Amino acid sequence: MIRRQSLQTSAISYLGVGLGYINVVLLFPKLFEPEQFGLTRILIAVVGVSAQFALVGLTNTIIRFFPRFKEGDEKRHHGILGWALMSGLIGTMVLALVLLVAKPWVVSEFQDKSGLFVNFYYLLFPLLLFEICTQIFASYTRALYLSVVNVLFREFFLRAATTLLILLYQFHVIDFQLFMQLFVGQFGFMVFGLAAYLKVVGRFSLHINRSFLTPTLRKELSGFRLFTFLSSISTLALTYIDIIMITSMMGLEQTAFYSVGFYMAALLNIPKQALTNISLPVVSDAWQRNDTETIQTIYTKTSINQLLLGVLIFVGLWSNQANIFQLLPEAYSGGKWVLFFAALARLADVGFGINGGIITTSKLYRFDTYSNFVLLVVTVLLNLILIPIYGIVGAAIATAISLLSFNVSKFIFLRVKFGLSPFSWKSLAAIVLGFASFGVASLLPNQSPSLIIDMVLRSLIVLAVFVPAALVLNLSEDLTKFLKDILAHIKNS
């Protein structure tokens with residue numbers, strides 16, 4: 001089940017990434033002013049971080065406690081969805097008030113270098129509400145092993161809708177103000193889509209079984225939410241704090257330049273998102289049974305699968321970086337080293353498997369909270385030090401240092417406390433194959449002036465070296481079986 005759903009979600013995610021590449025790398029830089037493009041990034045970044053303050057660890061709590069809620073009530077699960085939505089909406093109202101009170105500070109901090117953000121500040125409020133509901137529905141569908149629909153909406157629908165909006169703007173059907181309003185509105189449509197899907201499959205219920213929510217259980221839920229809250233904040237900080245700080249310190253234009261390189265690096269994270277969405281409910285159930293053998297198996301498989309795909313994507317991107325940035329306006333060329341360090345950071349993150357998820361769903365989840373808090377502090381400090389020195393590249397370096405240190409600490413913790421480790425000789429072999437495929441691809445003479453031909457040839461060389469060697473060494477049983485199944489299907493068709 002994990003293999004099938006993770007492959008499905010990965011396929012949808014990469015389809016969405018194709019659309020995202022068209023939007024972020026091709027359309028936004030060419031059709032919008034950098035400040036306008038940067039505005040879309042900062043709105044998403046601010047809401048991404050703010051949402052965690054409204055949720056207060058709610059998404060992880062749904063995953064962790066769902067096995068208990070579903071016992072004795074397979075249809076409505078004792079009202080966990082209704083309870084989560086009520087809690088999330090209360091948090092949204094509190095955060096909305098905070099954002100309203102904070103507006104004078106935002107004006108003074110951002111007006112000079114990022115005035116467009118101040119002008120569209122009130123779009124944060126509906127976007128925050130939509131994001132809260134989306135994250136709750138996403139966690140609920142993950143707990144139900146229905147992650148594919150969430151990925152379909154988040155990774156594909158949103159990007160397809162954004163492409164449509166960009167085209168409407170380009171052909172002057174809508175102006176920029178209406179574009180931004182519809183840009184936020186598409187998140188609301190996603191919320192209604194997820195709710196409708198849950199209704200159709202008979203899993204949408206706002207009923208709350210208050211007798212099930214005993215004082216003891218409420219105390220457990222509150223304690224877990226509080227301790228996982230900082231984990232959620234820190235995780236989102238790594239994704240968004242650099243964008244927020246760049247916008248504040250350097251302006252929306254630099255935010256746009258940074259976002260292009262950072263978005264391309266995010267390709268490496270897709271396999272992890274897919275595997276985590278499917279694996280965490282299984283890990284949570286395994287902890288309930290104290291089945292560390294199953295957890296070790298999932299830990300090892302997610303690590304090597306993510307590392308193989310991560311190395312392959314990293315090598316493919318860096319082999320083609322010269323071509324990629326020639327497709328962009330000259331002003332975006334500074335994103336080259338943002339891509340390198342951001343991709344390196346993501347490679348370190350995916351290579352360690354689902355270590356954070358294993359800790360979060362275990363009885364020692366507090367370690368994840370403490371380490372995430374330290375990570376948050378370190379990330380902010382590194383950005384404060386490196387952005388003034390190296391600009392947007394400094395932000396990418398800060399992310400790389402933070403993510404590597406963070407994952408090493410979680411690896412050591414799981415090794416010492418539970419005897420769990422994701423690595424083997426296969427991990428080293430995957431990295432060596434990456435160097436080898438990059439080296440061979442680098443031997444290809446530049447196919448100028450045809451950038452597309454050059455990119456295709458280099459990508460084929462990387463694949464021709466990396467994939468057969470990985471199959472011969474059987475570095476991933478899951479990927480080997482998947483490719484054999486495809487070949488068998490083609491042979492029989």
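1. A patch here is built from residues with over 30% relative accessible area and no salt bridge, joining like charges within 9 Å and nonpolar side chains (Val, Leu, Ile, Met, Phe, Trp, Tyr) within 5 Å. A salt bridge is a side-chain nitrogen of Lys or Arg within 4 Å of a carboxyl oxygen of Asp or Glu, and accessible areas come from the Shrake-Rupley method with a 1.4 Å probe, where for residues only the protein chains shown count as cover.

2. Please keep in mind that this is a predicted model: local features need pLDDT of at least 70, side-chain atom pairs count only at pLDDT 80 or more, and totals for chains, interfaces and linings use all residues. Residues are numbered from 1 along each chain as its sequence is written, and side-chain values use heavy atoms, leaving out hydrogens and water.

3. On the surface, Phe373, Val374, Val377, Val378, Leu381, Leu384, Ile385, Ile389 and Tyr390 make up a nonpolar patch with about 830 Å² of accessible area together. Val377 belongs to helix α17 (residues 366–390), helices being DSSP runs of H or I with at least four residues, numbered from the N terminus. With a relative accessible area of 37%, Val377 is partly exposed (between buried, under 20%, and exposed, over 50%; 1.4 Å probe, protein chains only).

4. Now the rings: those of Phe, Tyr and Trp (its six-membered ring) pair if their centres lie within 6.5 Å, with planes under 30 degrees apart counted as stacked, over 60 as edge-to-face and the rest as tilted. The count comes to 39 aromatic pairs. In one of them, Phe257 and Tyr332 have ring centres 4.8 Å apart and planes at 80 degrees, so the pair is edge-to-face. Phe257 is buried at 7% relative accessibility, and Tyr332 is buried at 2%.

Key:
Helix = DSSP H or I, 4+ residues; strand = E, 2+ residues; numbered from the N terminus.
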